[in-house]
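Visitor: I am new to this structure and should like to learn how to read it. Would you guide me through its features in turn?

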Amino acid sequence: MSREYETVIGLEVHVELATKTKIFCGCSTQFGGEVNSHTCPVCTGMPGSLPVLNKQVVEYAIAVGLATNCEITRHGKFDRKNYFYPDNPQNYQISQLYLPICRNGYVEIETEAGGSKKVGIHEIHMEEDAGKLIHDEWAEVSLVDYNRSGVPLIEIVSEPDMRSAEEVIAYLEKLRMFIRYLGASDCKLQEGSMRADVNLSVRPVGAAEFGTRTEMKNLNSFTSITHAIASERERQIDILESGGSVVQETRRFDDNKGESYAMRSKEDAQDYRYFPDPDLIPVEVSEEWIEEIKSRQPEFRPAKMARYKEEYGIPDYDIGIITDSKAMADIFEEATKLSGQPKKVSNWLMVETLRLLKEQNMDPEDIRFSAKHLADLIGLTEKRVINSSVAKEVFEKMFEDDTDPVAYVEEHGLKQESDAGALKAICEQVIAENPKSVEDYKAGKEKAIGFLVGQTMKLAKGKADPGTVNSLLKELLG
Amino acid sequence: MKLTEMSAWELGQKIAGGELKATEALDACMEQIGVREDEIHAYITLDAERAYENAEAVQKRIDAGESLGPLAGVPMAVKDNMCTEGMLTTCASRILGNFVPAYSATAVEKLKEAGAVIIGKTNMDEFAMGSTTETSYFGITRNPRNTEHVPGGSSGGSAAAVAAEECIYALGSDTGGSIRQPAGYCGVVGIKPTYGTVSRYGLVAYGSSLDQIGPLTKDVRDAAAVLEAISGYDEKDSTSLDRKDLHFTEALREDVKDLRIGIPSDYFGEGLDEEVGEAVRKAAEELKAAGAKVEECRLDLVKYAIPTYYTIADAEASSNLERFDGIKYGYRTEEYTDLHDMYKKTRSEGFGAEVKRRIMLGSFVLSSGYYDAYYLKALKVKALIKKAFDEAFSKYDILLGPVAPTTAPRLGESLSDPMKMYLGDIYTVSANLAGIPGISLPCGADKEGLPIGLQLLGDCFREDVLIRAAYTYEKIRK
């Protein structure tokens with residue numbers, strides 16, 4: 001390679017919003033319904049049906065806009081993007097071209113060099129998702145499922161400000177954090193609730209002009225985004241180095257082959273004949289509305305991390321994990337408030353919770369137990385009502401169905417044997433039944449006490465505190 | 001007096017008073033249909049079976065003492081571009097020739113609630129595009145006053161059905177004069193309300209920003225009563241207005257004293273038939289004699305109304321009609337090689353010439369490179385036209401003029417010259433562009449006995465003034 005090249009990347013990120021109902025009708029947005037069960041005249045494009053905007057969509061879009069330092073458009077509009085395709089029941093998609101809800105924002109990311117940089121947000125606009133085509137190759141027919149038709153999306157269009165895959169991932173992670181913290185979406189790339197299209201061009205280092213860009217689609221994970229960027233950068237440089245020129249086109253990335261292929265070139269670009277949708281009234285956003293949304297914005301991760309370090313004195317590593325999900329952070333804060341034991345709470349989250357989440361292939365957002373019950377459980381161990389192995393058992397039950405630990409311990413008789421007399425009797429029994437071990441211990445084999453403790457615990461059915469048993473045995477053995 | 005000669009109000013009173021059964025009123029209409037329908041062809045769909053079921057059901061409600069309002073039990077007809085659950089809704093097009101909606105338009109629902117008995121669906125210009133009802137895929141409708149002439153359009157079937165007494169009243173829709181002009185040609189009363197007064201939900205859209213549903217009736221009282229029944233805020237239509245002043249029957253007073261009536265000289269220029277002009281001026285004199293203040297005025301910009309209207313209406317129509325693609329409902333071509341071939345053939349075969357002409361015009365004015373020069377400019381002129389009306393209504397309560405330049409043309413005359421047909425809309429389209437209400441009522445006849453229509457235009461939300469003046473004039477004429 002004779003020259004050094006710089007990669008220039010901009011992203012178009014589609015995010016499916018977590019509203020209960022669709023953007024222009026009252027149908028459910030839930031996944032997994034029977035084919036065409038979440039549909040009505042509006043989202044199937046029946047003659048005479050009309051769209052009515054779901055206000056929650058605007059709220060989420062504004063909230064994301066505020067988090068990413070955007071200007072909020074006070075008088076916005078929806079436009080029709082006209083194109084024919086069977087998954088698009090009206091043959092136009094209701095989107096925003098002329099007056100998108102948010103503009104001119106930025107997201108601050110950390111760079112590899114340890115500094116930070118701003119990635120510009122050109123705009124955020126609201127639009128509706130399309131249905132899904134189902135191809136039956138045996139019957140030679142294609143069918144359409146309109147359950148996803150009308151599910152609300154926001155499209156976040158960045159400026160071409162990123163220069164490496166690392167920056168792209170940092171930007172996406174930051175966006176995802178904001179959106180998850182806002183509860184606006186779960187942002188799962190694999191499941192398509194977050195989709196990123198990569199616009200990429202290369203230019204010789206120092207060049208003022210951008211090169212010709214391509215757009216890459218079908219990127220379903222951070223790994224495939226990273227691979228796609230590397231392969232596309234290489235492809236474009238090869239073309240330029242061999243004297244050719246890059247064609248502006250849309251390319252589809254094949255994750256298995258690790259390469260992309262052309263879908264359509266700019267010459268095939270359709271004229272979408274955008275115009276304001278006359279069925280919808282302008283989206284008027286008042287100052288009060290913005291203020292109201294602002295007042296509800298959560299504390300985002302960077303601020304939270306700084307505060308945790310200051311307030312709770314738990315390790316940075318724990319802070320990183322706990323604040324990665326707002327659901328986890330919420331439980332942490334609430335349980336800490338109730339128990340006054342940040343380290344204990346953190347420990348339960350870092351060890352048992354993460355283990356069970358991983359085991360059951362769940363996300364922190366799926367956690368069922370309440371912060372109160374976790375605090376109660378910690379209270380039980382603090383007061384030595386139960387020992388740690390019983391606590392784990394109770395926690396597993398709690399993790400399952402948010403069982404009340406206090407009631408559970410009571411009902412199942414899991415309280416530690418605190419009756420000194422009864423415990424002493426058990427110890428004496430164990431000493432009497434295990435003369436060999438007693439002999440060993442007395443002969444100086446300190447380890448032999450372990451066996452006796454174990455036997456005592458066994459007879460006490462696990463309800464005894466090992467520490468107490470240990471000292472009691474030593475006492476009895478003189 | 002024959003039952004079918006009665007107004008809806010009179011018939012409704014008899015039914016409510018127990019003098020007449022709803023089924024007897026229906027019998028009378030069916031008898032009249034038997035006499036005249038073969039020649040007139042006002043209906044696309046006649047559903048006697050369902051009509052009798054409805055009449056019996058309404059009668060039961062009346063017998064049970066339910067208070068249903070003045071229209072209960074009165075047989076009526078609905079223009080075939082409004083969805084009627086379980087009843088064909090074709091828009092007079094081959095492409096919807098087999099379409100049976102799963103829901104009813106809000107206006108239809110409201111009438112059903114009020115005890116209306118729907119006889120059937122009336123003929124119209126295909127997708128409401130035309131001024132003569134000659135573009136219907138299902139054949140022409142004749143003017144009951146003179147069967148060599150057109151009934152006007154696009155709500156020609158509704159106007160003809162009322163004029164031929166094949167129903168007592170009907171619903172029409174008005175995008176550029178489609179209620180007022182056929183009412184004028186057939187000698188009945190028609191109102192286009194203020195945009196947003198009647199829900200458009202379930203009205204198959206032509207020009208969404210201009211479409212309004214309204215009544216076609218025998219007299220002004222019926223028009224007020226029907227409008228009162230169908231108007232009101234609808235959460236399913238974002239463009240519907242929450243008006244509190246919907247008691248239109250309260251405006252039925254003989255009183256035009258001090259009413260300021262302006263006569264725009266621009267409405268009496270070139271192209272206006274002499275007899276029509278005379279009849280309209282005579283009506284103005286009569287209102288003056290009754291106490292109104294009448295004076296000539298100017299309403300510039302009228303000459304821009306036609307190009308502005310056709311640019312906006314066709315642009316919206318080109319997008320609104322995209323959903324008719326053979327995928328989900330309606331006509332699909334027999335043989336095709338692939339998806340695009342199917343689209344092309346279906347739409348080529350499914351739409352008539354006038355519809356295709358307007359889709360092409362509309363697609364053109366929205367296409368990239370022409371959008372600003374045509375569509376955007378038309379929107380600006382539309383705003384100027386609204387401003388001109390605002391100024392006029394600061395001086396006058398009513399603007400009075402003809403509905404159309406001539407009386408009903410002979411069958412076949414208009415189709416050969418679409419430009420001439422478009423120019424025939426000159427007096428009606430401005431009201432749609434400005435969103436203001438208009439009423440059309442008979443004010444005489446020409447030498448051949450064809451009715452002449454008088455048009456009164458009012459400021460937004462002032463249907464009451466129009467109804468009062470029209471009611472007064474109607475009394476003077478009788």
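Guide: Let us begin with a definition: two strands pair if DSSP finds at least two bridges between them. The model before us is predicted.

Visitor: In what order do the nine strands of the open sheet in chain A run?

Guide: Strands of a sheet pair through backbone hydrogen bonds, either parallel or antiparallel. In chain A, the nine strands of the open sheet follow the order E2-E6-E7-E10-E1-E11-E12-E13-E14, and the pairing is mixed. At the edges stand strand E2 (71–72) and strand E14 (259–265) of chain A, each of which pairs on one side only.

Visitor: How many bridges join E13 of chain A to E14(A)?

Guide: Strand E13 (residues 249–254) of chain A and E14(A) run antiparallel and are joined by six bridges. Within this pair, A:Asp254 stands opposite A:Glu259 of E14(A).

Visitor: Which strands pair with E4 of chain A?

Guide: In a regular strand the side chains alternate between the two faces of the sheet. Strand E4 (residues 79–82) of chain A pairs with strand E5 (residues 92–95) of chain A in the antiparallel sense, over four bridges. Here A:Lys81 has A:Gln93 of E5(A) opposite it. E4(A) also pairs with strand E15 (residues 275–276) of chain A, again in the antiparallel sense, over two bridges. The bridge partner of A:Asp79 in E15(A) is A:Pro276.

Visitor: Let us turn to helices. What span should helix H9 of chain A have?

Guide: An α-helix has 3.6 residues a turn, so residues three or four places apart point the same way. Helix H9 (residues 371–382) of chain A has twelve residues and, at 1.5 Å a residue, should span 16 Å; its end C-alpha atoms are 16 Å apart, which agrees. Its buried residues are A:His373, A:Leu374, A:Ala375, A:Asp376, A:Leu377, A:Ile378, A:Leu380 and A:Thr381. They pack against four helices of chain A: H7 (326–339), H8 (342–359), H10 (388–401) and H11 (405–411). After H9(A) comes A:Arg384, with a positive phi near 55°.

Visitor: Is A:Lys174 buried or exposed?

Guide: A:Lys174, which lies in helix H2 (residues 165–181) of chain A, is buried because 20 other C-beta atoms lie within 10 Å; the cut-off for a buried residue is 20 or more. Apart from neighbours within four places in sequence, A:Lys174 is in contact with A:Val107 and A:Ile109. From A:Gln30, A:Lys174 is 144 residues away in sequence and 26 Å away in space, C-alpha to C-alpha.

Visitor: Which domains does the assignment give for chain A?

Guide: The domain assignment of chain A gives domain 1 (5–288), domain 2 (299–411) and domain 3 (420–476). Taken over C-alpha atoms, the centres of domain 2 and domain 3 of chain A are 34 Å apart.

Visitor: What radius of gyration does chain B have?

Guide: A compact globule of 478 residues would have a radius of gyration near 23 Å; chain B has 21 Å, which agrees. Its C-alpha trace spans about 65 × 55 × 45 Å along the principal axes. Chain B has 15 helices and eleven strands, and 63% of its 478 residues count as buried. Among the contacts in chain B with a separation of 6 or more, 76% are between residues 24 or more positions apart.

Technical notes. Residues numbered from 1 in each chain as written. Chains lettered and ligands numbered in written order. Predicted model: local features only at pLDDT ≥ 70, side-chain atom pairs only at ≥ 80, totals over all residues. Expected span 1.5 Å × (residues − 1). Buried ≥ 20, exposed ≤ 12 C-beta atoms within 10 Å, placed from the backbone. Contact = placed C-beta atoms within 7 Å. Rg over C-alpha atoms; globule rule 2.2 N^0.38 Å. Domains from an automatic or database assignment.
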